[in-house]
Amino acid sequence: MNDNVKNARDYWRENLRCLLLLLSIWFLVSYGAGILFRELLDEIQIAGFPLGFWFAQQGSIYVFVLLIFVYVYWMNQLDKKYGYDEKE
């Protein structure tokens with residue numbers, strides 16, 4: 001196996017690991033906090049609203065946007081590591 005194929009395979013392996021981790025976090029926040037653990041989280045109040053309700057309505061959106069920024073940063077680092085970054 002030549003170095004380019006191994007380099008590409010390692011790149012995609014790390015890329016998929018990154019995606020799985022970030023999607024797992026998003027699933028736990030959106031589905032877990034908004035639906036599965038809602039009753040437990042509703043005992044905590046944020047600005048007069050139950051925390052489970054807040055996650056279902058607002059929190060999962062905020063976390064999703066934050067995860068987009070984390071993904072962009074992480075992929076830029078990964079691109080630089082494997083030599084796929086944009087060079088001017």
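I take the bend at a residue as the angle between axes fitted to the seven residues ending there and the seven starting there. The model I am reading is predicted.

**Helix α3.** I checked α3 for a bend first. I found one of about 50 degrees at Gln58. Next I looked up which α3 residues are buried. Among them are Leu51, Gly52, Phe55, Gly59, Ser60 and Val63. Further along α3, the buried residues include Leu67, Met75, Leu78, Asp79 and Tyr82. What covers the buried residues of α3? I noted α1, α2 (38-41), β1 (45-46) and β2 (49-50) as part of the cover. I also looked just past the end of α3. There Gly83 has a positive phi of about 80 degrees.

**Nonpolar core.** I then turned to the largest nonpolar core, which has 13 residues. Which members touch the most others? I listed Tyr11, Leu41, Phe55, Met75 and Leu78. Both α1 (3-36) and α3 (51-82) supply at least two residues of this core. The biggest share comes from α3, with 7 residues.

**Tyr11.** I followed Tyr11 out of that list. I set aside its neighbours within four places in sequence. Tyr11 then contacts Met75, Leu78, Asp79, Tyr82 and Tyr84.

**Asn15.** I moved on to Asn15, which lies in helix α1. Is Asn15 buried or exposed? Its relative accessibility is 3%. The cut-off for buried is under 20%, so Asn15 counts as buried. Beyond four places in sequence, I found Asn15 in contact with Tyr71, Met75 and Leu78. Met75 and Leu78 are also on my contact list for Tyr11.

Conventions: Residues are numbered from 1 along each chain as its sequence is written. This is a predicted model: local features need pLDDT of at least 70, side-chain atom pairs count only at pLDDT 80 or more; totals for chains, interfaces and linings use all residues. Side-chain values use heavy atoms; hydrogens and water are left out. A nonpolar core is a set of buried Ala, Val, Leu, Ile, Met, Phe, Trp, Tyr and Cys residues joined through side-chain atoms within 4.5 Å. Buried means under 20% relative accessible area, exposed over 50%, partly exposed in between (1.4 Å probe, protein chains only). Helices (H or I, at least four residues) and strands (E, at least two) are DSSP runs, numbered from the N terminus. Contact means heavy atoms within 4.5 Å.
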